[in-house]
Amino acid sequence: MRIDGNGLINRAKPVSFQFDGTTYQGFEGDTLASALLANGVKLVARSFKYHRPRGILTAGSEEPNALVTVGHGGSQDPNVRATTQEIYDGMDARSQNRWPSLAHDVLAVNDLGAPFLGAGFYYKTFMWPKAFWEKLYEPIIRRAAGLGAISGEPITDKYERAYAHCDVLVVGSGPAGLMAALTAGEAGADVIIAEEDSLLGGRLLSEAGEIDGMPARDWANEVAIRLNAMSNVRVMARTSVTGAYDGGTYGALERVGHHCEMRDGLPKECFWRITAKRTVLAAGALERPVAFQNNDRPGIMMASAVRAYVNRWSVAPGKSVAVFGNNDSAHDTAADLLAAGVHVCALIDSRPDATTTLDVPFYAGAQVSGSEGRKELEAISISRASGTDKVQTDCLAMSGGWNPTLHLACHMSGRPDWDESIAAFVPKPGMVPGLIAAGACNGVFSTAACLGEGAGAAVVALEAIGLQADMPKMPVAEDRDYSISPLWAVAGKGRAWLDFQNDVTVKDVKQAAVENFRSVEHMKRYTTQGMATDQGKNYNVQALAVLADATGRGIPETGTTTYRPPFTPVAIAAMAAGAEDKGFAPERFTTSHRLAVKAGAPMIEAGLWYRPSYFPVKGETHWRQSCDREVGYVRNAVGIADVSTLGKIDIKGPDAAAFLDFLYTNMFSSLKVGRVRYGLMLREDGHVMDDGTTARMADDHFVMTTTTAAAGQVMQHMELVSQGMRRGMDVRFTSVTEHWAQFAVAGPKARELLNGLLDAPIDGESWPFMACGDMSIGGVNGRLFRISFSGEHAYEVAVPARYGESLFAELRSRAEALGGGLYGMEALNVLRIEKGFITHAEIDGRATAFDIGMQGMMSKKKDFYGKGAAARPGLLEDDREQLVGLKPTGVVKQLTAGAHLYRDGAEPVRVNDQGYLTSVAFSPTLGTYLGLGFLRGGRARHGETVKMVDHLRGIETTCEVCHPVFLDPNGEKARD
Amino acid sequence: MIELVAKPPCEGLLPVTIGTVTLSEPDMAPLTLIAPMKGKEVALAKAMQTAHKLEWPEAGATSGANGAALVWFGRAQALLVGVAASTKLNAHAAVADQSDAWARVVLEGEDAREVLARLTPLDMRDRAFPVGATARSEVFHMQASITRMGADSWQIIGFRSMAATLVHDLTRAMESMAARSQR
């Protein structure tokens with residue numbers, strides 16, 4: 001019910017919204033919770049397990065009950081706390097975990113079964129038969145117990161990630177946070193003040209007190225204006241700091257678009273990573289409930305929340321309100337209600353010596369021991385030594401004292417101290433390096449003390465980062481003692497809730513203790529206490545107090561559970577923001593990409609690169625037709641392929657040759673200028689890392705080629721060798737992969753094609769096989785390498801990347817004029833298999849040079865990386881799996897990569913395994929399938945027939961073992 | 001004689017203006033990676049001064065003169081931007097033409113720094129990253145060189161092959177900032 005008063009709502013701006021299909025009106029400045037209460041809506045949710053009717057408990061981010069779903073489809077957000085959700089025109093919120101409606105929820109029947117549904121019931125009840133758990137019980141339990149759900153549709157909202165840096169991060173903007181930010185800001189530090197609310201002020205916005213003679217919230221507003229005016233202060237409202245991490249890094253979630261209609265491009269949330277030299281934690285404190293029988297009914301609220309609704313939002317949460325507490329804040333609540341003209345039907349204080357001057361029915365030394373009503377509170381029972389009274393009421397404000405919000409201070413595994421005087425845990429200094437707790441989160445509760453601690457913490461932080469800082473003039477504020485007498489649970493029968501969100505009661509915690517789950521961590525997991533989305537912010541301390549009592553220990557010995565990030569829930573969408581669709585990984589495009597796509601080539605990913613599989617022409621219906629045709633170009637005329645993705649590393653320096661001698665197994669210092677040599681590189685363990693060609697452009701200048709996949713790895717490896725193993729060598733290297741667009745021109749007509757292009761034509765004498773050097777095309781300087789990955793007379797021609805597309809188009813048309821054309825990765829693969837050239841399918845990390853038949857390339861004349869390890873016993877045995885070629889000889893003429901090899905006639909089982917196929921292709925040149933693979937002792941078994949079995953695809957055939965080079969074994973064509 | 005046509009890395013993608021921020025690709029300029037050989041640091045610095053009037057930059061710094069800039073580019077290397085490297089440097093350094101290896105873009109405008117803050121973990125406050133400062137860092141999930149050219153102007157150099165992704169990621173952040181500042 002809305003009341004008169006000067007709440008922080010804009011009565012001139014009504015806002016219309018829907019809850020469960022009914023349209024309501026609130027005002028600008030309302031949260032969904034305050035607006036619903038203003039409209040007299042008390043039942044807003046059903047509980048997790050028992051489907052109990054639930055109302056609004058708090059006025060902040062700690063809310064366990066009032067969770068709703070907002071939005072629809074790809075923009076649907078479940079489990080939104082009504083207490084933090086600001087209303088906006090057209091907002092559509094729905095209650096959760098109920099069917100068919102909130103008022104009539106069929107599964108409320110669970111509540112009647114409560115005696116059977118206590119802590120750990122499913123561990124005991126659904127044991128047999130074993131298979132039923134996963135298939136039947138768990139799905140049913142999961143459906144019955146629940147929170148909101150996502151829509152299952154692709155997300156349509158945008159999320160964002162961002163970084164921020166500051167000298168001083170202030171977490172929270174109550175009196176301590178405001179003073180800290182002001183002090184640090186005025187000293188000239190870069191300050192970020194993060195506040196999860198939409199306004200700065202913290203509790204000051206909800207309390208009736210004064211600071212410096214003006215209403216506290218006006219003072220807060222004045223400070224906020226001053227902070228906003230400082231260029232070195234960044235005010236981040238609607239931003240919850242969710243976690244503390246190493247090196248002064250904090251995670252924070254900003255709610256950017258939750259409080260308004262979604263605009264195009266506007267992120268809904270932003271996940272910030274804030275790096276701060278020092279942090280002032282001024283997160284305040286959270287009021288804790290008292291456990292008594294049926295303390296979860298709609299209408300039973302935290303006393304501080306009742307004050308907030310009355311003072312900040314001008315809403316009376318009830319017509320006749322009872323107030324119950326064990327400390328003075330209960331009295332404040334009654335006073336504020338009276339001042340707002342709300343009837344107070346009872347003030348109950350559990351402290352026997354409590355007094356009051358308020359004109360209300362006062363019960364000292366009394367406790368609320370029960371409640372009545374179903375969908376809303378109707379009455380409470382008040383127990384005293386003299387007996388029990390029943391009082392009619394529709395709202396109970398309760399306060400069990402305050403817990404400092406010390407979560408962030410504990411995120412790096414520090415354990416807090418127990419402070420007996422306030423019956424609460426407080427942070428220890430230094431739990432998070434660079435973090436200073438101040439104010440209520442540090443266990444001081446008067447406004448004056450909070451102001452002082454905030455300023456003091458800022459001074460300490462500023463001095464630590466070398467800034468001159470003085471204590472500012474302190475504003476005048478109330479400085480009362482906090483007087484509390486611990487009260488965790490009111491004795492009595494029936495269920496008394498501790499964890500409202502996960503439906504955990506005092507009985508459950510006691511049951512855990514009885515079953516010997518005495519550790520607080522075990523109790524937590526057994527009962528699920530504190531494991532809901534609110535992480536038990538309100539009531540964890542109560543639960544462990546009950547456990548301490550049940551196990552006969554003190555609270556300090558019982559200890560707390562572990563505080564972990566996030567402090568408030570963070571959408572996965574926010575943490576992964578930007579990583580969807582094209583943001584998943586960078587796309588690397590060659591200079592010919594546009595033309596390849598235009599030619600209709602299906603692109604395949606090679607690492608981050610995109611390469612064409614094949615170039616279909618009209619009439620072709622199957623990739624094999626295209627591939628066979630493209631193989632024919634290279635074998636019979638001339639083919640063009642973009643090979644720019646191969647790694648290219650420019651190596652210079654007087655020791656460049658010596659450096660390569662150490663990197664490669666074979667010798668490079670003997671390579672002549674203007675020549676290319678194939679090289680093999682090993683890892684430290686003596687297995688093959690990569691292969692490729694290296695060209696000597698000058699005495700002290702080489703250009704190395706790596707495979708596409710290993711380009712980064714080889715570069716890293718070279719850094720390691722250069723910085724770690726051969727520090728004395730004077731050599732420099734850099735990747736030039738991206739600088740050059742490089743194309744293979746392969747086939748008997750390759751030279752003919754090139755000579756039409758090159759400014760200075762070449763012949764067999766000037767450019768023999770494995771020659772390299774500078775050349776120019778149309779005045780553009782580039783490089784030419786006579787190397788071949790197809791076995792044909794072939795070249796690779798390189799020009800600066802800006803000319804790549806242009807040259808590619810030119811090469812294509814000239815090749816086509818000569819009866820050739822473009823070829824893709826499929827044809828490239830067939831061509832190299834026909835020639836027995838290896839790729840990472842063969843050198844997969846397990847193969848040695850010996851295994852691939854290149855033991856002869858491991859120089860005996862010099863040391864090289866991996867030499868010792870490659871000579872280890874077992875790596876040079878004759879019965880190792882060795883590279884062989886395979887041709888099908890059986891009825892089935894198909895080979896498949898990944899299939900395994902067995903002796904002909906042997907049963908194809910694991911123990912009989914003889915090897916496997918790594919690469920296969922249909923060779924249009926030879927008219928048969930060809931395979932490369934590894935076979936035990938294979939080099940000595942050429943001519944033998946073995947059985948190939950592909951267990952996955954169900955293919956079986958026999959094949960002949962042969963030399964891995966199927967075509968032109970003496971390499972005459974390339975030398976042609 | 002055949003004439004090859006040059007195509008800049010971001011052709012067809014830029015310029016883009018969203019909100020207060022513009023992302024554009026300057027004309028392609030000579031880019032040369034220069035790494036001093038062992039013990040030649042002083043000689044190289046001297047040759048650089050003579051040939052191009054440029055100071056050899058400290059880590060994280062740049063130097064500029066006559067429209068050319070020398071940008072620190074990682075351990076023991078710098079990128080000469082805007083002028084072809086003098087052959088006199090070859091005696092003291094490994095010199096590699098990288099003019100076509102990188103996509104070089106400029107992000108400028110009132111919210112440019114905030115756009116970058118969505119993509120790079122660098123501390124870009126005036127004190128930490130004044131005009132002329134440079135760093136090798138990440139732009140979303142690619143590595144790049146970032147240089148502050150003016151109060152609201154930043155040069156970003158990324159792999160040429162990833163130009164489309166670089167533009168995509170920057171554009172997305174620009175859209176985000178523009179939508180935020182509409183409020």
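This note comments on the predicted model above, point by point.

1. Interface between the chains. In the contact between the two chains, 46 residues of chain B meet 47 residues of chain A. On the side of chain B that touches chain A, β3 (31–36), β7 (93–97) and α3 (163–181) of chain B each supply at least two residues. The most is given by α3(B), with ten residues. Sorted by class, this side of chain B has 24 nonpolar, 13 charged and nine polar residues.

2. Helix pair α7(A) and α8(A). Two packed helices are described by the angle between their axes and by the distance between those axes. For helix α7 (residues 303–311) of chain A and helix α8 (residues 329–339) of chain A, the axes come within 9 Å and cross at roughly 25°. Because angles under 35 degrees count as roughly parallel, α7(A) is roughly parallel to α8(A). The crossing of α7(A) past α8(A) is left-handed.

3. Residues of that helix contact. On the side of α7(A), the contact is made by A303(A), S304(A), V306(A), R307(A), V310(A) and N311(A). From α8(A) come S329(A), A330(A), D332(A), T333(A), D336(A) and L337(A). The residues of the contact comprise five nonpolar, four polar and three charged.

4. Strand β42(A) and its partners. Strand β42 (residues 794–800) of chain A has seven of its seven residues buried, so it is largely enclosed by the rest of the structure. Strand β39 (residues 740–746) of chain A pairs with β42(A) in the antiparallel sense over seven bridges. Strand β41 (residues 780–785) of chain A also pairs with β42(A) in the antiparallel sense, over three bridges.

5. Barrel of chain A. Strands of a sheet pair through backbone hydrogen bonds, either parallel or antiparallel. In chain A, a closed barrel of six strands runs β44-β47-β46-β45-β48-β49, with antiparallel pairing. On average, neighbouring strands of this sheet are turned by 45° against each other, direction ignored. Within the barrel, strand β48 (residues 945–950) of chain A and strand β49 (residues 955–962) of chain A pair in the antiparallel sense over six bridges. V949(A) stands opposite E956(A) in β49(A).

6. Helix α21 (residues 825–834) of chain A lies across β46 (915–923) and β47 (928–936) of chain A. The angle of α21(A) to β46(A) is about 115°.

Key: Residues are numbered from 1 along each chain as its sequence is written. Chains are lettered from A and ligands numbered from 1 in the order in which they are written. This is a predicted model: local features need pLDDT of at least 70, side-chain atom pairs count only at pLDDT 80 or more; totals for chains, interfaces and linings use all residues. Axes are lines fitted to C-alpha atoms, for helices over the stretch in contact, and angles run from 0 to 180 degrees between N-to-C directions. Helices (H or I, at least four residues) and strands (E, at least two) are DSSP runs, numbered from the N terminus. Angles under 35 degrees count as roughly parallel, over 145 as roughly antiparallel, 65 to 115 as roughly perpendicular and the rest as oblique. A crossing is left-handed if the near helix is turned anticlockwise from the far one by less than a right angle, and right-handed if clockwise. Two residues are in contact if their C-beta atoms, placed from the backbone, lie within 7 Å. Ala, Val, Leu, Ile, Met, Phe, Trp, Tyr, Cys and Pro count as nonpolar, Asp, Glu, Lys and Arg as charged, and the others, Gly among them, as polar. A residue is buried if 20 or more other C-beta atoms lie within 10 Å of its own, exposed if 12 or fewer, and partly exposed in between; C-beta atoms are placed from the backbone. Two strands pair if DSSP finds at least two bridges between them.
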